[in-house]
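Please view the sequence and the structure together while reading.

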Amino acid sequence: MSIMSNAKRALAIAAASATLFSMAACGSSNAAGSKSDSSSAASSGKIEVVASINQWGSVAKDLGGSNVEVTNIMIKTNVEAHDYEPTSQDVAKFGTAKVAVVNGADYDPWATKAAQSTKATLVTAAETAGIKEGDNPHVWFSAKVRSNTADAITAAYQKADPSHKDDYAKFNKDWHAKEDQLESKIKDTSSKTENLPYAATESVAWYLADDLKMTDATPKGYAQASANESEPTPADIKDFQDTLKVGSIKMLVFNSQEANSTTDQITGAAKDANVPIVELTEQMPKQYTNLLDWMSALVDQFAAAVK
């Protein structure tokens with residue numbers, strides 16, 4: 001997360017608020033366009049769902065099947081939600097949704113702000129596990145949060161469309177069967193990764209590493225700078241490089257969505273020290289249409305990186 005994230009988030013929230021105010025006061029062409037989409041969804045009997053990020057949108061789709069119409073706001077891996085600046089069209093989509101799914105924990109505050117100003121039933125993934133602002137916001141990597149969020153989405157669907165209550169219960173059961181398979185893979189893999197010391201250029205996959213029973217050995221100075229959204233000092237970077245060099249870190253997790261000159265130095269040191277690197281992104285890559293498939297592939301990457 002960049003040092004400018006707080007400022008960008010404030011601007012994004014302000015933009016969302018301004019757009020909602022404009023829509024409420026006099027309407028807009030963007031809002032009208034969204035209403036047209038909403039009318040189409042309504043005429044087909046589908047629940048209109050808006051998700052702030054594609055990974056939660058994929059879960060919303062799996063749990064609703066043909067009974068829902070899901071729109072994802074963020075679908076690219078070259079911009080992270082921390083820094084995303086919503087357009088008026090993005091905000092308008094929340095205004096016509098019956099169900100809104102956001103991440104929470106201050107990861108996508110622009111989306112939370114937009115959804116709270118509408119009549120949509122709001123599902124906030126982080127809140128389903130008591131994760132709040134200031135905690136690690138990358139909660140889709142957590143098995144507990146995935147399961148709790150799935151149940152919250154199902155409940156929202158059953159409330160919005162009680163005539164298909166049994167359908168949503170079946171979709172939920174099928175989804176949990178797949179999540180159980182993923183968690184079984186995580187448990188099996190943890191026999192190789194348990195207590196394995198790893199470091200990360202950013203704590204994006206912390207929950208997955210924790211589920212794999214790994215030990216976060218990221219040098220304290222660097223980790224604190226990352227958590228505080230500040231730039232690590234030259235001393236922090238050197239400490240990280242030296243720690244990689246001596247071999248106490250057995251794996252480096254690299255968020256390529258946040259690549260910069262600092263991470264170049266860290267990954268370079270890891271390569272020089274023959275430390276395996278697991279490269280990943282925050283948003284779900286386009287080759288995946290399903291959060292569970294993506295998580296399963298990442299578990300395979302972690303397993304393959306163990307020496």
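How many bridges join strand S1 to strand S3? Three bridges join strand S1 (residues 47-53) to strand S3 (residues 99-102), and the two strands run parallel. The model under discussion is predicted. The points below treat the sheet, the helices across it and one asparagine.

**The sheet**
- Strands S1 and S3 belong to an open sheet of four strands, in the order S2-S1-S3-S4, with parallel pairing.
- Strand S2 (68-74) and strand S4 (121-124) are the edge strands, and each of them pairs on one side only.
- From one strand to the next, the twist averages 20°.
- Val49 stands opposite Val99, which is in S3.

**Helices across the sheet**
- Helix H3 (residues 54-64) lies across S1, S2 and S3 and runs at about 175° to S2.
- Helix H4 (residues 88-95) also lies across S1, S2 and S3, running at about 150° to S2.

- Asn290 is placed in the loop between strand S8 (277-280) and helix H12 (291-305).
- Asn290 has a relative accessible area of 10%, and it is therefore classed as buried, the cut-off being under 20%.
- A polar atom of the Asn290 side chain lies 2.7 Å from the backbone nitrogen of Leu292.
- The backbone nitrogen of Asp293 lies 3.0 Å from a polar atom of the Asn290 side chain.
- When residues up to four places away in sequence are not counted, Asn290 touches Ser58, Asp62 and Met284.

Terms used
Residues numbered from 1 in each chain as written. Predicted model: local features only at pLDDT ≥ 70, side-chain atom pairs only at ≥ 80, totals over all residues. Heavy atoms only, no water. Buried < 20%, exposed > 50% of the residue type's maximum accessible area, 1.4 Å probe, protein only. Polar contact = N/O pair within 3.5 Å; in protein donor to acceptor, adjacent residues only side chain to side chain. Contact = heavy atoms within 4.5 Å. Pairing = 2+ DSSP bridges. Axes fitted to C-alpha atoms, helices over the stretch in contact; angles between N-to-C directions.
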